Amino acid sequence: MERSLIRPFEPSDLPEVAIMFLKAFRGRTAAAPTSLIEHMRDVYFGHPAYDRRMGSLVHLRLDGAIDGFIGAFPQPLMLSGRALRGVVTGGFMVDDPAANPITGARLVRRLLNGPQDVTITDTANRRSLDFQRVLGCETLDLQSLQWTKILEPASYVLSLLDVRTGRLPMMPLRPLARLLDRVRVEKAQYHPIQARSGWRDADIDVESFASIFERFAGEFDLRPSWTRSELLWLLDQASRKTKFGSLFIRGVQRCTGETVGAYLYFGRRRSEAMTLQIAARPEAAELVLESLFAHAAAMGCTVVRGTAQPFLMPGLFRNDRIVFRHASGTHLHVRDADLLRIIRSGRVLVGGLVGEGWTRLVSDEFAEDGPKGKIAGKIAGKLARACEVALWPSRRAPVKRPL
């Protein structure tokens, strides 16, 4: 009976699952907009490495209606030169969990028993923590933390009050908060790193970022294994996110020409900046973070957020006004004991692009149809020639010449 109730997710299921998604994660019961359905189609069926054997699953009631879903998309991995099959899970939901308490367990157990070598979850909530442990998943405690760099303290405090009281009651205080922050930021002096002798940072294109990221990822025992076209596809999908503003791609380099890091983040004025990926050598992490914070401050962002990573901790600890909190759980499931030892050693690159953070599903409201993507259409039919395409944000702070 259990097997008959679970089957692979099909494109024809998209409208029904999209409605369940809005109800479970956005608290809305309206019909699903086309933008949500099409984004789910891209994420779950359009991934360049899509493999139906390791795809998403749906749970059916006896009348054939879908009452449960667990999303999964491929994540090719490399372990010391050995190719591994990985999947990233997300969008885990049950229509009525109180009435169907074992539906979620059936879906997760079925997915974990798939042919993949590694299953990655980086958006698990607190309620699923014990559930993941019972199923033998390894929790990465550090990567389950989110850090927040406070750039404008008064606006940050006001945003916390907004959450409790609503935005309208706090509106009269916003001009005062901005005035206080203007004085405070001038004192903080977030200078571009060009002010440091021997260093510079600038916007870079996708080809430069890909090269930097590949060198950076090569220092980890377990790391992503993308083709250039797959990475370009991920960046195009990320550029469609709307909640946090424009996507910026920037690199940090010595004036001698040695590149020490790069980062991707979303940002816009009077809003929080959300970091998607940082690639940096451990000894240069503090400088790369300095570049990120200075650029976000120049954009007028109130805070910068990101996922904690072992290589970032020394740089974060050397900054003031850094707040850590549990945002979502990061779990890995493997059946190979040797691979589990590597995971516990910390030499694992997980989170950001190696997770679910690049999708619109973890942030956007899908209140209306759109957008089409900042670079969608420009690369159709040209993924194999990724090096010819440059991804530039539509809005960016003044910068010096590209690296």
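**Group meeting: a first look at the chain**

The chain exposes about 18500 Å², and carbon and sulfur atoms supply 53% of that; the areas come from the Shrake-Rupley method with a 1.4 Å probe. This is a predicted model, where local features need pLDDT of at least 70, side-chain atom pairs count only at pLDDT 80 or more, and totals for chains, interfaces and linings use all residues. Residues are numbered from 1 along each chain as its sequence is written, and side-chain values use heavy atoms, with hydrogens and water left out.

Of the 403 residues, 53% count as buried, meaning under 20% relative accessible area, with exposed being over 50% and partly exposed in between. The chain has 13 helices and 17 strands; these are DSSP runs, H or I of at least four residues for helices and E of at least two for strands, numbered from the N terminus.

Now two loop residues. Arg270 is not a glycine, yet has a positive phi of about 60 degrees. Arg270 sits in the loop between strand 13 (259–267) and strand 14 (273–280). With a relative accessible area of 30%, Arg270 is partly exposed.

Where is Arg321? Arg321 lies in the loop between helix 12 (313–317) and strand 16 (322–326). Its phi is also positive, at about 55 degrees, although Arg321 is not a glycine. Is Arg321 buried or partly exposed? At 21% relative accessibility, Arg321 counts as partly exposed.

Last, contacts, meaning heavy atoms within 4.5 Å. Among contacts in the chain with a separation of 6 or more, 76% are between residues 24 or more positions apart.

Definitions and conventions
Buried < 20%, exposed > 50% of the residue type's maximum accessible area, 1.4 Å probe, protein only.
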